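Let's take a walk through this structure together, starting at a single residue and ending with the chains as a whole. Keep the viewer open as you read.

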Amino acid sequence: MQRENQRAKLFSRRVALLTGGQLGLLGALVARMYYLQVIESERYKVLAEENRISLRLLPPPRGRILDRFGELLAVNQLNYRVVVIPEQTGSVSETLDVLSNILQIGDGDRRRITRDIVRKRRFLPVTVRENLTWDEVSSISVNAPDLPGVMIDVGSSRFYPQGPEVSHIVGYVAPPAESDLTGDPLLELPDFRIGRNGVERAYDLALRGRAGNSQVEVNALGRPIRELARNEGEPGNEMVLTLDLHLQRFAMSRLADQESGAAVLIDIRNGEILALASTPSYDANDFSKGISGPQWRELTTNPLTPLANKAIAGQFAPGSTFKIAVTLAALESGLVGPDLRVRCPGVYALGDARFHCWEKHGHGSLDMIEGISRSCDVYFYEVARRVGIDRIAQMAKRLGLGQTLGIDLPGERAGLIPTREWKLATTGVSWQQGETLVAGIGQGFITATPLQLAVMTARVASGGLAVVPHLARDKASGQRLGPRQEPDFPSIGLSASSLAILTRGMRGVVNDPRGTAFKARIRDPSMAMAGKSGTSQVRRISAEERRTGVRKGNQVPWRDRDHALFVAFAPLESPRYACAVVIEHGIGGSAVAAPIVRDILLEAQRREQEHPEPLQRVAST
Amino acid sequence: MPLLFATPRGDLTILGKLRQVNWGLILLIAVVSSIGFAMLYSAAGGRWDPWASRQMYRFGVGFVLLLVVAVVDLRVWYRFAYALYFVALVLLVAVEVAGRIGMGAQRWLDVGFLQLQPSELMKISLVLVLARWFHGLTLEDVGRPLSLVWPTVLVLAPAVLVAKQPDLGSALLLLLMSAIVYFVAGVRLWKFAAIAATAGAVIPLAWNHLRDYQKQRVLTFLNPENDPLGSGYHIIQSKIALGSGGMWGKGFMQGTQSHLQFLPEKQTDFIFTMLSEEWGFVGGLTLIGLYVLILLYGAAISLRARSQFGRLVAVGIVSSFYIYAFINIAMVMGMLPVVGEPLPLVSYGGTAMMTLLIGFGMLINVYVHRDLQIGRHGQTPEA
């Protein structure tokens with residue numbers, strides 16, 4: 001009992017202490033409340049009623065995009081626009097009524113404005129109209145007293161001075177969609193744009209920069225009275241691309257004669273993309289201004305798919321250009337030697353099936369080098385049959401086919417290199433030997449992008465290095481250019497002797513009078529090229545058609561015509577450039593694609609003599 | 001059923017107990033809750049929907065629970081303290097597991113008809129187990145450091161689980177409430193100093209385990225200007241709304257800052273700001289005054305109880321009520337980081353209302369059974 005009393009006494013003492021302490025702390029709260037509500041009340045009343053502090057974000061200027069010589073590809077332009085701040089406007093709809101006496105405000109605009117007001121915080125400005133003329137700016141300023149919460153804002157909008165010629169590469173910016181909003185108030189600013197495509201999207205964060213802010217005291221009408229504090233942000237980084245605008249334009253103009261195609265020019269030594277052309281194109285400025293419905297429908301329904309960057313996203317059967325991979329697979333496996341001779345009667349029989357050579361009358365007897373340079377299909381049916389699809393597929397993958405190469409652009413496609421396993425898994429049917437033959441001439445399941453074909457050529461021309469393409473001169477940071485390290489590509493392990501045989505064959509394609517693309521040769525020996533043509537069938541030729549005579553080229557509707565392909569590298573001694581051209585439904589690789597490759601390679605080599613060094617450092621503006 | 005409703009004299013029926021119920025305290029609780037209904041009515045722009053009507057309904061349900069909890073024999077609560085505690089602990093582990101599967105923060109379990117928030121159940125059952133543990137100790141026992149090991153485990157296990165949810169506010173509440181129970185149970189002051197020193201050493205470690213948004217809240221508290229458009233915005237706007245209320249306030253439903261959406265979450269965390277904007281310093285002071293009365297009632301009940309178990313339960317319950325109120329009010333005035341604790345009995349929210357009313361049920365229970373004696377090992381001493 002004694003103990004119990006002791007315990008109760010201590011308890012009472014401590015409860016008294018505790019309650020005293022609790023009351024004391026509440027007293028501190030009351031004191032604080034008294035300070036805020038009575039002593040400082042006037043100040044807060046002023047802040048609340050008349051002089052609300054308006055915290056404004058200062059959007060960072062988006063980084064410019066330049067080509068390797070400092071030519072401007074994407075810049076910022078001044079843009080006058082009228083905005084309304086909902087919290088400072090008595091009634092938004094009345095204000096819009098007054099405004100519509102000065103400006104055209106359609107019903108669609110009104111709906112968008114009302115939606116934006118609901119979506120955003122009330123202290124953030126909502127854009128009413130952009131790209132105002134000077135007249136409109138001045139009449140709004142004159143009427144300012146009748147327009148509480150309405151302000152003229154000078155922002156910047158994105159401009160692409162080169163137009164459609166680089167649109168696929170540079171991409172474009174667009175207002176953030178609902179799903180892009182991360183809670184970062186920067187994204188809710190009226191003229192904030194995020195990269196939607198191309199380099200603008202791939203390096204969006206680096207280009208964006210960091211926002212600053214300014215605390216402005218404003219009166220009830222929303223007119224700024226003074227700036228209390230300002231914190232400058234950081235402008236976005238300037239991006240320098242490996243692209244050479246001149247060569248890009250040249251490639252685009254050479255493709256312009258064709259309806260649809262793509263060209264890739266790559267520097268073999270370091271994987272820099274010098275030109276990445278895809279036709280037809282679109283004007284990225286249409287997007288930064290806000291694209292209209294009909295324009296958008298036109299772009300998306302056009303059968304020539306102007307929005308797609310075919311250089312990285314177009315997947316085509318590589319046709320005979322694939323014989324490069326088949327040759328290497330054969331020589332490296334040791335199953336076929338360079339001295340293998342095959343007699344081509346124009347057709348190859350496997351069981352009951354007959355496989356035709358493009359040369360109806362046959363090539364006669366050929367060795368491997370002639371097989372390549374004259375692109376004999378029968379020769380490669382035989383080689384493919386001996387080597388087998390899995391070895392061919394393995395080699396193709398080493399050369400960069402059948403996988404994305406990690407170029408710094410969105411939307412790159414992987415193409416397809418089939419294997420036995422793949423076919424069983426996807427179709428449930430096992431691989432047929434006939435399919436190996438078809439694969440030997442780059443037909444059937446096989447597809448590749450123009451970029452992959454250029455990289456394959458670069459890997460061959462570099463003596464078997466795993467060349468990887470890139471577009472930003474400093475890919476690691478996506479930042480302003482500093483001293484740059486040349487990439488050190490690992491070897492893909494090809495023997496010098498195999499490469500020598502392949503190269504002799506590819507040299508013959510353009511330099512041997514019997515080669516498939518002799519007409520497209522480069523006469524200046526110091527600039528001469530080696531290449532491989534390809535013509536890939538879009539549809540099957542029936543036995544019926546073969547009997548009655550295959551219809552040629554222009555008699556066939558465009559969509560059924562063959563694709564024309566050509567890949568090449570130059571100069572022959574110490575190769576520097578690799579180029580791939582694909583002309584959709586262009587009919588003949590050697591006749592249509594090869595001259596384009598030749599011209600691009602020639603132009604690149606001439607240009608190298610005029611402008612030996614690319615830009616090393618960009619002067620900041 | 002004899003045990004459930006037995007009293008030392010064994011002569012109190014349920015009706016008799018109800019007559020013993022502390023109706024003055026219940027009146028206070030009802031007045032404070034009514035202030036809450038009025039503020040919710042105002043927050044919705046003068047409509048009962050969506051908050052005020054639902055809050056009143058919950059108050060009604062909670063009030064019945066309060067009475068039930070109050071008349072059950074105190075020894076029943078003593079006996080089932082551990083059972084309740086372990087059920088709450090298992091549920092906490094269950095949410096942790098469910099949360100991990102469902103990705104992200106998870107605080108409640110969906111049991112069909114209601115959402116069960118185990119951290120709320122834990123707030124009450126932790127008071128019960130701590131009270132039961134210290135009830136069984138003499139003062140000499142309390143002086144032995146070893147006797148504090150078990151209750152500390154009982155406190156830390158749920159606190160860590162709740163903090164991981166992550167619900168820092170509730171974890172903090174569990175810790176503070178336990179510290180207060182330790183204090184009134186007679187734990188020496190130097191031991192608190194030692195714990196404070198340890199905590200000081202652990203803070204840098206704990207910092208690394210906070211989520212980014214939690215770090216942001218603490219940093220913003222230390223320097224609101226740092227992030228004027230993000231979390232700091234809430235505190236700045238809350239101070240402006242509160243300060244502009246002045247001595248007498250702008251009048252019921254006239255709070256410009258609250259009604260123009262400057263004030264975030266005005267129906268929950270920032271309801272005190274809204275009250276102070278509309279009813280001024282006088283209104284805020286009135287509410288704090290009512291809270292003080294409840295606090296004093298609680299202290300009086302604890303002093304009047306004859307069992308150590310009852311005393312500790314009373315202090316534990318009334319202290320957690322106090323901590324809620326203090327943290328919330330200090331938070332909206334920019335004196336503490338925004339941790340998201342509700343204002344007790346006033347903020348909109350069903351689970352907090354239930355917990356509080358059940359807690360008050362326990363408090364009243366201690367009053368009803370104030371003369372009940374419980375032996376150190378739970379037996380009824382022969383009088």
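This is a predicted model: local features need pLDDT of at least 70, side-chain atom pairs count only at pLDDT 80 or more; totals for chains, interfaces and linings use all residues.

Is His585(A) buried or exposed? Its relative accessible area is 10%, and residues under 20% count as buried, so His585(A) is buried. Now look at what surrounds this residue. Leaving aside residues up to four places away in sequence, His585(A) touches Val538(A), Trp558(A), Arg559(A), Arg561(A), Asp562(A) and His563(A). One of these neighbours, Arg561(A), also takes part through its backbone: the side chain of His585(A) reaches the backbone oxygen of Arg561(A) at 2.8 Å.

Chain A has 22 helices and 19 strands. Of its 621 residues, 53% count as buried, and His585(A) is one example of a buried residue. If you consider contacts in chain A between residues at least 6 apart in sequence, 75% of them join residues at least 24 apart. As for the surface, chain A exposes about 27000 Å², with carbon and sulfur atoms supplying 50% of that area.

Next, turn to the partner chain. Chain B has 16 helices and two strands. This chain has 383 residues, of which 54% count as buried. Among contacts in chain B with a separation of 6 or more, residues 24 or more positions apart account for 74%. The accessible surface of chain B comes to about 15800 Å², and 68% of it belongs to carbon and sulfur atoms.

Finally, let's visit a place where the two chains meet. Find helix H1 (residues 2–39) of chain A and helix H9 (residues 168–185) of chain B: their axes come within 8 Å and cross at roughly 140°.

Sorted by class, the contact of H1(A) with H9(B) has seven nonpolar residues, one polar and one charged.

Notes: Residues are numbered from 1 along each chain as its sequence is written. Chains are lettered from A and ligands numbered from 1 in the order in which they are written. Side-chain values use heavy atoms; hydrogens and water are left out. Axes are lines fitted to C-alpha atoms, for helices over the stretch in contact, and angles run from 0 to 180 degrees between N-to-C directions. Helices (H or I, at least four residues) and strands (E, at least two) are DSSP runs, numbered from the N terminus. Ala, Val, Leu, Ile, Met, Phe, Trp, Tyr, Cys and Pro count as nonpolar, Asp, Glu, Lys and Arg as charged, and the others, Gly among them, as polar. Buried means under 20% relative accessible area, exposed over 50%, partly exposed in between (1.4 Å probe, protein chains only). Contact means heavy atoms within 4.5 Å. Accessible areas come from the Shrake-Rupley method with a 1.4 Å probe; for residues, only the protein chains shown count as cover. A polar contact is a pair of N or O atoms within 3.5 Å; within protein, one must be able to donate a hydrogen and the other to accept it, and residues adjacent in sequence count only if both atoms are side-chain atoms.
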